[in-house]
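Here is a briefing on one structure. Look over the sequence and the model first, then read the notes by topic.

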Amino acid sequence: MNLVIKNAIAGLAFSLAAPALAEGVLDGEAFDAYTRGKTLFYGQDGAAYGAERYFADRRVQWTFLDGECKEGEWYEQSGQICFVYEDNPDPQCWTFRKDGDGLTADFKNVPGLTELYEASDLDEEMICLAPNLGV
């Protein structure tokens, strides 16, 4: 097979695969159904990154696993799930995909910068200490 035909086939295969990837992105309803009532731990590059509790009414509580927790809420906008927290009103928007191992999250504010995955068996607990404990 010559190089032109191989490139054409490769291009066609990529164009057919691209819509399938987009279909895996969760909308707000699917994200809520998957997360509500759960505490999910997220990893990045093989290390613990943080955890988030998902409550009713799209409320959340986030921690970088340092004992400090932030209250917030999420909403859907333009196919993304956006979070705002008590200490930062600027939306942090992500796309979430469900795969066999859980969720994968891609940070959309700076594309390509952060990809998180739902981690399992982290042997961690989401702990929120009282503000200014020990001060």
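In β4, Glu-71 is the bridge partner of Gln-61. This is a predicted model: local features need pLDDT of at least 70, side-chain atom pairs count only at pLDDT 80 or more, and totals for chains, interfaces and linings use all residues. Residues are numbered from 1 along each chain as its sequence is written, and side-chain values use heavy atoms, with hydrogens and water left out.

**Strands and hairpins**

- Helices (H or I, at least four residues) and strands (E, at least two) are DSSP runs, numbered from the N terminus.
- Two strands pair if DSSP finds at least two bridges between them.
- Strands β3 (residues 59-63) and β4 (residues 69-77) run antiparallel and are joined by 5 bridges.
- Their hairpin has 5 residues between the strands, and Leu-65 there takes a positive phi near 70°.
- β4 also runs antiparallel to strand β5 (residues 80-85), with 6 bridges joining the two.
- Tyr-85 in β5 is the bridge partner of Gly-72.
- The hairpin of β4 and β5 has 2 residues between the strands; Ser-78 in the turn has a positive phi of about 55°.

**Nonpolar core**

- A nonpolar core is a set of buried Ala, Val, Leu, Ile, Met, Phe, Trp, Tyr and Cys residues joined through side-chain atoms within 4.5 Å.
- Buried means under 20% relative accessible area, exposed over 50%, and partly exposed in between (1.4 Å probe, protein chains only).
- The largest nonpolar core has 18 residues; Phe-31, Tyr-42, Tyr-54, Phe-83, Trp-94, Phe-96 and Leu-103 touch the most other members.
- At least two residues of this core come from each of α2 (28-35), β1 (39-44), β3, β5, β6 (88-99) and β7 (102-107).
- Tyr-54 has contacts (heavy atoms within 4.5 Å) that include Phe-31, Leu-40, Tyr-42, Val-60 and Phe-83, not counting residues up to four places away in sequence.

**Aromatic pairs**

- Rings of Phe, Tyr and Trp (its six-membered ring) pair if their centres lie within 6.5 Å; planes under 30 degrees apart count as stacked, over 60 as edge-to-face and the rest as tilted.
- The structure holds 11 aromatic pairs.
- The ring centres of Phe-31 and Phe-96 are 4.5 Å apart and the planes are at 45°, so this pair is tilted.
- Phe-31 is in helix α2 and Phe-96 in strand β6, so the pair ties together parts 65 residues apart in sequence.
- Phe-31 and Phe-96 are both buried.
- Phe-83 and Phe-96 pair edge-to-face, at 6.3 Å centre to centre and 65° between the planes.
- Phe-83 lies in strand β5 and Phe-96 in strand β6, so this pair ties together parts 13 residues apart in sequence.
- Ring pairs link Phe-31, Tyr-54, Trp-74, Phe-83, Tyr-85 and Phe-96 into a cluster.

**A buried threonine**

- Thr-104 is in strand β7.
- Thr-104 is buried, with a relative accessible area of 8%.
- The side chains of Thr-104 and Asp-99 make a polar contact of 3.2 Å (a pair of N or O atoms within 3.5 Å; within protein, one must be able to donate a hydrogen and the other to accept it, and residues adjacent in sequence count only if both atoms are side-chain atoms).

**Positive phi in loops**

- Most residues other than glycine have a negative phi.
- Asp-45 has a positive phi near 55°, and lies in the loop between β1 and β2 (47-54).
- Asp-45 is exposed, at 75% relative accessibility.
- Asp-57 has a positive phi of about 60°, and lies in the loop between β2 and β3.
- Asp-57 is exposed, with a relative accessible area of 70%.
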